[in-house]
Amino acid sequence: MNSARRKAAESMEKVDMVIEVVDARLPQASCNPMIEQLRNARQRPCLKILNKTDMADPVATQAWIDYYNSQKGVTAVALSCKKPSDVARVPKLAMQVAPHRGTALKPLRMMIMGIPNVGKSTLMNALLKKRVAAVGDEPAVTKTQQRLYLGNNMVLTDTPGMLWPKIEHPSDGLMLAASHAVGSNALIEEEVATFLADLLLQRYPQLLKARYGFNTEGMDGVAVVEGVAAKRGFRLKGGDYDFEKASHTFLQDYRSGALGRISLETPQSRAELLANYRST
Ligand code: G4P
């Protein structure tokens with residue numbers, strides 16, 4: 001058993017339930033399957049928070065909520081942990097997930113789990129109503145294990161930010177990089193931007209049109225990024241498009257929400273991906 005798994009397994013022994021945070025825009029790509037394996041093995045119920053729902057496509061998010069709620073031991077909810085009113089719902093939801101706990105003698109012991117950058121620190125800070133962990137856009141800012149009393153007979157333990165995503169499919173890595181859950185260098189940014197552009201051409205051409213005024217017909221991902229360069233006047237000295245700068249801008253537009261509410265995967269697209277994977 002590797003050390004991350006062992007530590008997570010040990011921590012899970014000491015809690016009554018798991019609060020798993022994923023990114024609502026890419027819930028499967030942004031989960032670590034080890035969490036599900038460990039909580040199933042130890043029969044720990046799970047409150048699955050699809051976070052950053054303010055940035056995700058509401059139709060896709062609802063499909064994911066239905067999908068997860070059909071799983072045994074899982075209660076799924078879509079939240080924006082940046083919104084205090086959303087976070088205020090979490091203690092009550094947690095109590096519903098583990099109703100056998102939450103008394104003075106048997107406080108409800110919870111653990112927040114998830115890969116870096118899904119919003120664990122934001123959730124924890126909001127739950128505690130004060131900053132106890134640094135919030136930042138660089139993965140893995142939550143470094144030490146903490147045990148925190150929430151009041152109402154609830155105790156929160158967070159795990160160190162070391163549960164990296166398990167990238168089983170290349171598209172998962174690209175989705176995670178697009179959403180800044182894993183770092184990307186300039187070279188890969190161009191690949192990530194082209195991947196994102198291809199995906200948006202398929203699913204959200206109207207958002208590309210609204211943001212950049214494109215007629216997307218006949219375009220491919222490269223043409224979209226070049227189109228961004230043309231719109232923004234990003235040119236290299238010789239006059240060619242500055243693809244690197246345009247890639248960065250395009251990714252920033254997606255990450256900041258300027259392109260609109262976008263989900264990179266749906267239960268259906270995930271099922272198709274897995275079916276293709278199995279048949280190859
Ligand atoms: P982590 O502990 O899981 O690693 O994630 P963390 O809380 O550090 O959050 C990572 C980034 O996601 C932060 O952005 C945070 O503000 C943002 N975030 C968290 N929850 C939400 C949400 O519900 N909606 C949106 N839109 N963003 C969310 P950042 O740019 O690094 O920080 P900041 O400038 O927002 O403070």
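User: Is Tyr68 buried or exposed?

Analyst: This is a predicted model. In it, Tyr68 is buried, with a relative accessible area of 1%.

User: What does Tyr68 pair with?

Analyst: Tyr68 forms an aromatic pair with Trp64. The ring centres are 5.6 Å apart and the planes are at 20 degrees to each other, and the pair is stacked.

User: Where are Trp64 and Tyr68 in the chain?

Analyst: Both are in helix α3, residues 58-69. They are 4 residues apart, which is about one helical turn.

User: Why does a spacing of four places matter in a helix?

Analyst: An α-helix has 3.6 residues a turn, so residues three or four places apart point the same way.

User: And Trp64, buried or exposed?

Analyst: Trp64 is buried, at 0% relative accessible area.

User: Which residues form the aromatic cluster?

Analyst: Trp64, Tyr67 and Tyr68 form one cluster.

User: How many aromatic pairs are there?

Analyst: The count is 5 aromatic pairs. The pair of Trp64 and Tyr68 is one of them.

User: What about Tyr212 and Phe250, what is the geometry there?

Analyst: Their ring centres are 6.2 Å apart and their planes meet at 45 degrees, so the pair is tilted. Tyr212 is in helix α9 (residues 205-212) and Phe250 is in helix α11 (residues 243-255), so the pair ties together parts that are 38 residues apart in sequence.

User: Are those two buried or exposed?

Analyst: Tyr212 and Phe250 are both buried.

User: New topic. How many salt bridges are there?

Analyst: A search of the whole structure gives 12 salt bridges.

User: Ok, which residue does Arg42 bridge to?

Analyst: Arg42 forms a salt bridge with Glu13, and the closest N and O atoms are 2.8 Å apart. The pair links distant parts of the chain, 29 residues apart. Arg42 is in the loop between α2 (33-41) and β2 (46-51), while Glu13 is in helix α1, residues 3-13.

User: How accessible are Arg42 and Glu13?

Analyst: Arg42 is partly exposed, with a relative accessible area of 23%. Glu13 is also partly exposed, at 45% relative accessibility.

User: What does Glu20 bridge to?

Analyst: The side chain of Glu20 meets that of Lys48 in a salt bridge, 3.3 Å from N to O. Glu20 is in strand β1 (residues 17-23) and Lys48 is in strand β2, so the link spans 28 residues of sequence.

User: Are Glu20 and Lys48 buried or exposed?

Analyst: Glu20 is buried, at 1% relative accessible area. Lys48 is buried as well, at 2%.

User: Which residue does Asp23 bridge to?

Analyst: Asp23 forms a salt bridge with Arg25, with the closest N and O atoms 2.7 Å apart. Asp23 is buried, with a relative accessible area of 4%, and Arg25 is buried with 2%. Elsewhere, salt bridges that share partners join Asp16, Arg101 and Arg109 into one network.

User: Back to α2. Which residues of α2 are buried?

Analyst: Met34, Ile35, Leu38 and Arg39 are buried in α2. They cover an arc of only 125 degrees around the axis, so they are on the same side of α2.

User: What covers them?

Analyst: The cover includes α1, β1, β2, β3 (74-78) and β4 (108-113).

User: What is at the ends of α2?

Analyst: Asn32 caps the N-terminal end, with a side-chain oxygen 2.8 Å from the backbone nitrogen of Met34. After α2 comes Gln43, whose phi is positive, near 50 degrees.

User: Last topic, cysteines. How many disulfides are there?

Analyst: The search of the whole structure finds 0 disulfides.

Technical notes:
Residues numbered from 1 in each chain as written. Predicted model: local features only at pLDDT ≥ 70, side-chain atom pairs only at ≥ 80, totals over all residues. Heavy atoms only, no water. Salt bridge = Lys/Arg side-chain N within 4 Å of Asp/Glu carboxyl O. Helix = DSSP H or I, 4+ residues; strand = E, 2+ residues; numbered from the N terminus. Buried < 20%, exposed > 50% of the residue type's maximum accessible area, 1.4 Å probe, protein only. Arc of directions from axis to C-beta. Contact = heavy atoms within 4.5 Å. Polar contact = N/O pair within 3.5 Å; in protein donor to acceptor, adjacent residues only side chain to side chain. Disulfide = S-S within 2.5 Å. Phe/Tyr/Trp six-rings, centres within 6.5 Å; stacked < 30°, edge-to-face > 60°.
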